[in-house]
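Dear colleague,

Please find below the structure that I am handing over to you. My notes on it follow directly after.

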Amino acid sequence: MLLGGPPRRSPRSGTSPKGPQSSTGHVHFGKSPQTWPRRTRPRSPGLAAPSGVRGSTQPKRRDFPRRAWLTALSRYGARLWMGRRPSLPEARGPAPRSAAASRASRSLASPETSPSPLPATTRGAVAGGGSVQGRAGAQKEVFPGQGAGKMAAPMELFCWSGGWGLPSVDLDSLAVLTYARFTGAPLKVHKISNPWRSPSGTLPALRTSHGEVISVPHKIITHLRKEKYNADYDLSARQGADTLAFMSLLEEKLLPVLVHTFWIDTKNYVEVTRKWYAEAMPFPLNFFLPGRMQRQYMERLQLLSGEHRPEDEEELEKELYREARECLTLLSQSLGTQKFFFGDAPASLDAFVFSYLALLLQAKLPNGKLQAHLRGLHNLCAYCTHILSLYFPWDGAEVPPPRHTPAGPETEEEPYGRRNQILSVLAGLAAMVGYALLSGIVSIQRATPARAPSTQALGMAEEDEEE
Amino acid sequence: MSLVAEAFVSQIAAAEPWPENATLYQQLKGEQILLSDNAASLAVQAFLQMCNLPIKVVCRANAEYMSPSGKVPFIHVGNQVVSELGPIVQFVKAKGHSLSDGLDEVQKAEMKAYMELVNNMLLTAELYLQWCDEATVGEITHARYGSPYPWPLNHILAYQKQWEIKRKMKAIGWGKKTLDQVLEDVDQCCQALSQRLGTQPYFFNKQPTELDALVFGHLYTILTTQLTNDELSEKVKNYSNLLAFCRRIEQHYFEDRGKDRLS
């Protein structure tokens with residue numbers, strides 16, 4: 001759907017300062033690019049022009065004529081997308097291109113949402129981002145730029161469907177989805193509400209282009225990073241360290257409380273969480289699965305917070321909530337007046353923080369003590385709405401329509417359900433009539449109507465005989 | 001503690017100055033204490049040294065059971081007992097001593113975040129290594145953990161604790177990790193700490209804070225504890241500024257005072 005990023009087509013670019021070799025200053029999460037011996041042919045970066053057709057099956061071998069065609073196409077694409085940098089395709093200098101690429105890889109992922117030309121370059125330039133490495137690779141024979149080119153099949157993400165004004169109601173799914181949006185990763189997103197239909201049995205789950213299934217959220221993000229969809233590419237080492245630290249803070253302080261608010265707190269659970277899950281899941285899962293999920297979460301929370309005696313539960317709860325409030329205040333102070341945590345471009349930390357905060361803000365909880373505190377922190381609220389409106393405009397903007405998505409499967413199932421009902425009634429009737437006929441309680445005589453009373457008597461006589 | 005009780009305790013705490021006979025309880029140093037507990041205890045000791053508060057270390061075999069929260073170390077000050085670094089820091093603050101007063105809000109947030117990072121990654125990795133790595137468990141942990149108790153209690157307690165830790169690991173998603181992945185996590189954590197420390201003497205430039213105490217406690221213990229394999233300490237040794245940091249704190253706060261508690 002997108003034309004190839006221009007930078008991709010140039011195999012002769014100079015060393016990119018942002019290539020793998022220059023990453024010493026950057027924090028690597030997961031394996032460094034150098035360890036990916038993706039490329040077998042040194043000429044591939046030009047061939048990584050499947051960039052344009054991201055997600056489609058790309059033949060690994062490229063012919064020269066096709067390459068020429070693709071390069072022409074990408075040049076056209078360059079003019080179309082990189083409005084501000086018409087010389088880009090021709091530019092040999094790595095700096096402008098990598099700058100554009102990096103900027104684009106950082107910036108908004110969805111071109112449809114942003115009016116400015118810069119984000120529009122994202123698609124091309126994220127491909128560009130990938131190709132930056134590809135190009136550097138052309139020089140140094142390392143090549144992950146091949147990433148997009150090598151994808152035989154698109155990556156598929158299975159996650160919980162949306163509700164409450166959010167693209168997904170589950171914390172992990174939302175975090176992964178947001179990260180994917182930030183980086184513009186070409187994922188085929190399946191929003192389902194039946195965890196048994198996901199390839200790994202749990203949600204979220206990512207089916208990579210090689211067929212393997214990853215279901216731990218952090219591993220999903222690591223995989224996306226490996227595939228060159230890295231939102232943390234431009235972070236300094238110190239910021240990368242801060243990311244790790246803040247994610248630990250979120251996990252330790254905020255996660256238990258979030259789990260408690262949604263799953264353990266009785267009022268919230270019954271009125272909001274269980275209701276949503278029970279409505280969204282198909283029969284017969286909706287009877288036992290929410291309860292099972294609740295038990296799992298409760299067990300996890302108990303293990304995390306250590307053993308406590310029942311009478312201490314209230315104390316523990318208060319302590320948890322106090323720490324969570326403190327954590328939120330800390331987050332608010334760290335964010336300050338910036339648009340994202342590390343400047344103007346979203347990073348993976350933003351994805352996680354957003355998922356926590358958005359769930360807390362958007363769900364209409366009857367017992368919303370933490371929600372009230374969060375609403376008091378205005379910069380965090382603005383941050384959430386900003387991200388929602390920018391990256392999930394069709395999901396977040398309208399609250400009622402997302403209701404239709406969980407209702408979607410319902411309405412489909414309703415006529416189905418109605419038909420089931422009618423069928424079952426008919427089946428019951430048929431069974432009763434059949435039994436009556438077979439056992440002789442009622443027998444049908446096709447003789448003359450005059451015989452009818454005697455038939456009746458005959459029927460009753462038979463009954464007496466039976467008795 | 002509930003808010004009311006906490007306010008009450010703070011009031012009482014604030015009322016009395018730090019006594020001379022404050023004691024810190026931990027398990028037996030030579031035979032019983034494990035890596036993670038030693039790290040925690042050292043962190044508290046370092047913190048109190050940094051605050052210039054005298055503390056006497058007492059080793060008891062049942063320290064874990066004496067502690068109000070089940071975790072060591074805990075301090076006995078006046079007529080109060082407080083366990084774990086977090087509450088101890090707050091308690092000490094109520095008494096009027098604090099290391100992080102000079103930090104602004106953003107720095108305080110960073111400090112808390114890094115402390116959580118250490119707890120989340122380093123401490124969990126230590127626990128994993130001690131209790132989930134079969135080699136270490138068999139050779140070191142079981143023997144040490146149950147050493148003060150007669151047979152068969154020593155085995156029973158050790159297995160019970162191991163089972164409990166394994167459950168916790170599974171709950172936080174570390175159950176499926178291999179040792180190599182855990183070591184990689186440790187490496188990432190050390191890298192993050194090293195990058196944050198940079199070339200400064202302490203994490204927040206000139207003055208040490210509780211973060212420094214915590215990091216010192218863990219890193220020093222990792223560096224000086226003999227395990228079945230040295231991979232964990234090797235990971236830390238890769239970062240020279242962390243080594244220099246440990247050395248600096250050891251020299252300044254432990255050796256200089258003339259009391260060598262880091263035998």
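Over residues 422–444 of chain A, the chain is 78% helix and 0% strand, with 26 Å between the end C-alpha atoms; helices (H or I, at least four residues) and strands (E, at least two) are DSSP runs, numbered from the N terminus. UniProt, in an unreviewed entry, lists residues 422–444 of chain A as "transmembrane region"; such annotations may be inferred rather than shown by experiment, and positions are in the numbering used here, with feature names shortened.

This is a predicted model, in which local features need pLDDT of at least 70 and side-chain atom pairs count only at pLDDT 80 or more, while totals for chains, interfaces and linings use all residues. Residues are numbered from 1 along each chain as its sequence is written, chains are lettered from A and ligands numbered from 1 in the order in which they are written, and side-chain values use heavy atoms, leaving out hydrogens and water.

Between the chains, 28 residues of chain A are in contact with 28 residues of chain B (contact means heavy atoms within 4.5 Å). The two chains bury about 2600 Å² between them, 55% of it on carbon and sulfur atoms; buried area is the accessible area (1.4 Å probe) that two parts lose on being put together, summed over both. On the chain A side, A:R238, A:L244 and A:L303 lose the most area to chain B, together 20% of what that side buries.

Yours sincerely
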